[in-house]
Amino acid sequence: MISSQPVQYANTKGELDYENSPGVKKAWDTAVAAAKGELTGKLRQFDEKGTWNAAFKNARFATVACPSWMTGIIKDQAGPDNQGKWDIAAPPVAGNWGGSFLAVPKSGKHTKEAAELAAWLTAPAQHAKVFGVNGNIPSTKDTLTSATVQDAKLPYFGDTPIGKIYSEAAAGITPAPISRWDGQVKTFLTDNGILDIEQRGTDPAKAWDNVKKLVDDKIDQ
């Protein structure tokens, strides 16, 4: 939910301001209500040693938030025995969760060739091909409207028109300002806040105070 909000952890100046963010409040309140209503799986996301991956293999999910790159995780973790059990639908509100980039360190021995490879890998043509194989959505707008992307499907998800679903979602996203601490604060809010409410029944006000203490202790603003 936070990924769909126009104001997230930072203010318009790119300064961390999660305590006053209407986006954080909306996401927190909604997640707390879901946790207290016992509508969640009480799982730590991407916990390889815990029950997160096992839940895929055992078909224990009712639904999971699925940015385009999550399609590969679902396929790998759920395995061939669960092919045909998964489908993808458009979200109530589009959001942007994650992203990646390539960099070439100056200390490398072949920086020129590495930079050329990075440029090739991130070119629109390769973006479209990768999307059709692994589901990683292109970051260039023109590629999103290409026939390769628009007609893309992933065999694991049957005839689901993933190209149309994800490209339409991307077109509806409102960019949000970010700060250097967003990732860390998100981890505190989810793994140390919401998960604490889910798994231990901690009072939401207490859980919020615990998050604030963690941010104050760990982040030098």
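Mentor: Start with Thr-143, which is buried, at a relative accessible area of 4%. Buried means under 20% relative accessible area, exposed means over 50%, and partly exposed is in between, using a 1.4 Å probe and protein chains only. The model is predicted, so local features need pLDDT of at least 70 and side-chain atom pairs count only at pLDDT 80 or more, while totals for chains, interfaces and linings use all residues. Residues are numbered from 1 along each chain as its sequence is written, and side-chain values use heavy atoms, with hydrogens and water left out.

Thr-143 sits in helix H6, residues 141–144. Helices here are DSSP runs of H or I with at least four residues, strands are runs of E with at least two, and both are numbered from the N terminus. The Thr-143 side chain makes a polar contact with the side chain of Thr-140, at 2.3 Å. A polar contact is a pair of N or O atoms within 3.5 Å; within protein, one must be able to donate a hydrogen and the other to accept it, and residues adjacent in sequence count only if both atoms are side-chain atoms.

What does Thr-143 touch, not counting residues up to four places away in sequence? The partners are Pro-124, His-127, Ala-128, Pro-138 and Val-149. Contact means heavy atoms within 4.5 Å.

Now step back to the whole chain. The protein chain has 10 helices and zero strands. Its C-alpha atoms fill a box of roughly 50 × 45 × 35 Å along the principal axes. Of its 221 residues, 33% count as buried, and Thr-143 is a buried residue too. Take the contacts with a separation of 6 or more: 55% of them join residues 24 or more positions apart.

Ala-169 is in helix H8, residues 162–171. Ala-169 is buried, with a relative accessible area of 15%. Ala-94 is 75 residues away from Ala-169 in sequence, yet their C-alpha atoms are 5.1 Å apart.

Gln-8 lies in the segment before H1 and is buried at 13%. The Gln-8 side chain reaches the backbone oxygen of Gln-5 at 3.0 Å. Setting aside neighbours within four places in sequence, Gln-8 is in contact with Ile-2, Ser-3, Ser-21, Val-24 and Ala-176.

Two packed helices are described by the angle between their axes and the distance between the axes. The axes are lines fitted to C-alpha atoms, for helices over the stretch in contact, and angles run from 0 to 180 degrees between N-to-C directions. H1 (residues 22–36) packs on H10 (residues 204–218) at about 135°, with the axes 12 Å apart. That makes H1 oblique to H10. Angles under 35 degrees count as roughly parallel, over 145 as roughly antiparallel, 65 to 115 as roughly perpendicular and the rest as oblique. H1 passes H10 in a right-handed crossing. A crossing is right-handed if the near helix is turned clockwise from the far one by less than a right angle, and left-handed if anticlockwise. H1 brings Val-24, Trp-28, Val-32 and Lys-36 to the contact, and H10 brings Pro-204, Ala-207 and Trp-208. By class, that is six nonpolar, no polar and one charged. Ala, Val, Leu, Ile, Met, Phe, Trp, Tyr, Cys and Pro count as nonpolar, Asp, Glu, Lys and Arg as charged, and the others, Gly among them, as polar.

H10 also packs on H9 (residues 182–200): the axes come within 9 Å and cross at roughly 150°. H9 and H10 are therefore roughly antiparallel. Their crossing is right-handed. H9 supplies residues including Phe-188, Leu-189 and Asp-196, while H10 supplies residues including Trp-208, Val-211 and Lys-218. This contact divides into 10 nonpolar, three polar and two charged residues.

Last, the loop between H1 and H2. Most residues other than glycine have a negative phi. Glu-38, in this loop, has a positive phi of about 55°. Glu-38 is exposed, at 62%. Lys-42, also in the loop between H1 and H2, has a positive phi of about 60°. Lys-42 is partly exposed, at 36%.
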